[in-house]
Amino acid sequence: MRHTAALRNLTQRVFVTFKRTRCLLYILVVVCVIPGTFVVWLPFPLRLAFTYMFAGLTALALTFAALSFANMVRAMPAVFLAGRGTTKEFEPPEAREIARRMKIRKLPKFLLQGGTGEVGPSTNGFTRTIRLPRQWMEQLHRSEFLAALGHELGHLRARRRFWIDYLVMSGVVVGLTVPLALHTIPLIVNVFDVALVLLLATSVSWRNEFRADRECAKVLGPEGLISLLELLEAKYGPDEGSVTHPPLRTRIDRLMKLLDSQ
Amino acid sequence: MMFLYRLSVLDGYIQVLPNQLPRDMFVWLLKFILDGTGELVLQPTRFMILRYMQRIGEPQYVDQIARAVGVHPRLVSHHLDVLEDEGLVESEYRLMPVDGSSRKVAKRMCVATARASAVLEDIAKSVQEVGGS
């Protein structure tokens, strides 16, 4: 855990923030498309200048992206390893009713996992499994624990829309890659693809999280989830979001709007 | 520069954080680990509501509390439910007249319990101890 804080401090000190990473990727995408399309027709000095700029920008953007992904990659072994030795199957008493209200026909499998440190709840849509940290169940108030459960069930409820988003994203990438590939060199196309996928994957994942929040709020009300997110924000400090999750403050603000509308 | 050591009852880990959180946060967890209310009191809005109610000392409507702490009444109501479950707040419904109408409506009146006062005093004392060490 100390390493986590150290990594976070280090990345903040060298200005590697998620927002800056996204800005760099946007710039890279634009550079690939606009000057990149005409690069083969440029005169030699301009082509050389573009090559250096393109190489530098690519290296910088991908380094930033790698560092931004580092936290997620670091968490992966914990997710997989911790789940094996200490999981126990259980079904929260309220889960069936929440699933019924969300119109989820087949109840997923619930696993209670212990000893995972800061790893929160997660959902596997393929195996229809929801993992919930034992410590959350023991320490949080019931309403907040149920909000976390509702959010995960919201992912199952909205999984089709997630896949539609995913297919649209793939279509956009292919649709933009093919015309670009006809006008420029393969290296630029490859970099363009990587940068665009990193940007769009974040966008799809964030939409998926917002959707799960909304599904949860529809059934349980937004109060429990707001309370839980505020608690997480107080514990871990303000964040700027990650590749998979939007910033906590943005999610809280969106849920706050539902307080008046529901 | 003083660093805060954040203790979590969840996994028994200690994490060093920059001095960005209120000092109370450390103390809340430290002092309430034993009776399991650490996570409960850690919630910032809930703590704000509890502190306000303890300071006022008189029964308050949900709307009054919401205005005073600047939180949506639905959220206040939710936090009051949680605090009531933990015995930090007591509430009852009273019939109150409505302006311009002969009808009355039931309003929830809440007051902090003696336990809440003890909890908050304990926090204040612990903050002084941490500050002095």
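In this predicted model, α2(A) gives the most to the lining of the largest cavity, contributing four residues. Two further helices, α3 (44-85) and α8 (186-220) of chain A, join α2 (18-37) as the elements that each give two or more residues to that lining. The space inside the largest cavity comes to about 60 Å³. The structure holds two cavities of 30 Å³ or more.

Chain B provides a sheet. Three strands make up this open sheet, and their order is β3-β5-β4. The pairing is antiparallel. The edges are taken by β3 (60-61) and β4 (89-97) of chain B. Each has a single partner strand, so one side of each edge strand is left without a neighbour in the sheet.

The link between β3(B) and β5 (residues 104-112) of chain B consists of two bridges. These two strands run antiparallel. Within this part of the sheet, Y61(B) has M109(B) of β5(B) as its bridge partner.

A helix accompanies the sheet. Helix α3 (residues 44-56) of chain B lies across β3, β4 and β5 of chain B. Its direction is set at about 90 degrees to β5(B).

Terms used
Residues numbered from 1 in each chain as written. Chains lettered and ligands numbered in written order. Predicted model: local features only at pLDDT ≥ 70, side-chain atom pairs only at ≥ 80, totals over all residues. Heavy atoms only, no water. 1 Å grid on protein atoms, 1.4 Å probe; cavity = no way out; pocket = protein on both sides within 12 Å on 5 of 7 lines; lining within 4 Å. Points joined across faces, edges and corners; volume = space filled by probe spheres on them. Pairing = 2+ DSSP bridges. Contact = heavy atoms within 4.5 Å. Axes fitted to C-alpha atoms, helices over the stretch in contact; angles between N-to-C directions.
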